[in-house]
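Keep the structure open while reading.

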Amino acid sequence: VSSGFSDHRNGEVICKFMVENLGFESAESAKILRDEYFQRYHSTMKGLNVATQEGRLPKPFKQEELGQYWADHCDYARFIRADPDQIEVIRSLAEDVGLKMAVFTNSPRVYALRCLEVLGLRKFFPDDHVFAVEDVLPACKPQPEAFKKVLDAIGARPERTVMFEDSMKNIRACKALGLHTVLVHEGDAASGGEAALLGDTPVRDDPAVDVVIKDMSEVPAALPGLWKKRFEAPKAS
């Protein structure tokens, strides 16, 4: 988030998609409608589906087009890169410890897979452990039904599951379901954009937050118990 990639995708790229594919006359008018529905549904794909049903779009939205457009038109090289330290943590948890690992996003599948490839993480998440918004519609994060569907699909019990999230609404939803929660908070630079639009800025001392990290490289120090398949949150000092 702090790299500016989310603002890039949710700004210039989605607006260009809406002008080219949905018939909007300007990027400005596209952005106004996209933000309106994103605030309501927390997912661009779900929002545009509903906007089509409500007759708000110049042309009908075909949801399969969005993920491919983002996969092809986002400037990955400009904003994100593979981080060897974070890759090693995820590799170790998946291969050395043998934890069941899954990805869950409110974005389209094709785009999510492209992001995992760019980040050097694709090989750690088999196809049936990557969940995109299409897999849980008509629900999506932070609705409990969406999380339950993912848990059921991978055969995971909430009390034996750890959710890493940068969204407070998702953190609170997961905690209400009985999951352990880790807030990924990159700092103040990550508190604008999408989080501000949704009124979803990080709250480190929220009761729903078990542990706070800046990125995955901090997991070994913050949660060493994971390497013994245990979740042991640090005691407050």
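α1 passes α4 in a right-handed crossing. The model is predicted, and the points below follow from its coordinates.

**The α1–α4 pair**

- Two packed helices are described by the angle between their axes and the distance between the axes.
- For α1 and α4, the angle is about 125° and the axes lie 10 Å apart.
- On the α1 side, the contact is made by His8, Arg9, Asn10, Val13, Ile14, Lys16, Phe17, Glu20 and Asn21.
- On the α4 side, Glu65, Leu66, Tyr69, Trp70 and His73 take part.
- By type, the residues of this contact divide into six nonpolar, four polar and four charged.

**Nonpolar cores**

- In soluble globular proteins, nonpolar side chains tend to be buried together.
- The largest nonpolar core here has 30 residues.
- Phe17 and Met18 have the most contacts inside this core.
- At least two core residues come from each of α1, α2 (27-41), α3 (44-53), α4, α5 and α7.
- α1 gives the largest share, seven residues.
- Leaving aside residues up to four places away in sequence, Met18 touches Gly23, Phe24, Ala30, Leu33, Arg34 and Leu48.
- Another core, of 23 residues, lies apart from the largest one. Among its members are Val182, Met216, Ala222 and Leu226.

**Helix α7**

- Which residues of α7 are buried? They are Tyr111, Ala112, Leu113, Cys115 and Leu116.
- These buried residues pack against three helices named here as α1 (5-22), α4 (63-73) and α5 (76-79). They also pack against β1 (103-104) and β2.
- Just after α7, Gly120 takes a positive phi of about 75°.

**His129**

- His129 sits in the loop between α7 (109-118) and β2 (130-131).
- Is His129 buried or exposed? His129 is buried, because its relative accessible area is 16%, and the cut-off for buried is under 20%.
- Beyond residues up to four places away in sequence, His129 touches Lys100, Met101, Ala102, Val103 and Ile154.

Conventions. Residues numbered from 1 in each chain as written. Predicted model: local features only at pLDDT ≥ 70, side-chain atom pairs only at ≥ 80, totals over all residues. Heavy atoms only, no water. Helix = DSSP H or I, 4+ residues; strand = E, 2+ residues; numbered from the N terminus. Buried < 20%, exposed > 50% of the residue type's maximum accessible area, 1.4 Å probe, protein only. Contact = heavy atoms within 4.5 Å. Core = buried A, V, L, I, M, F, W, Y, C linked by side-chain atoms within 4.5 Å. Axes fitted to C-alpha atoms, helices over the stretch in contact; angles between N-to-C directions. Left-handed = near helix turned anticlockwise from the far one by under 90°. Nonpolar A, V, L, I, M, F, W, Y, C, P; charged D, E, K, R; others polar.
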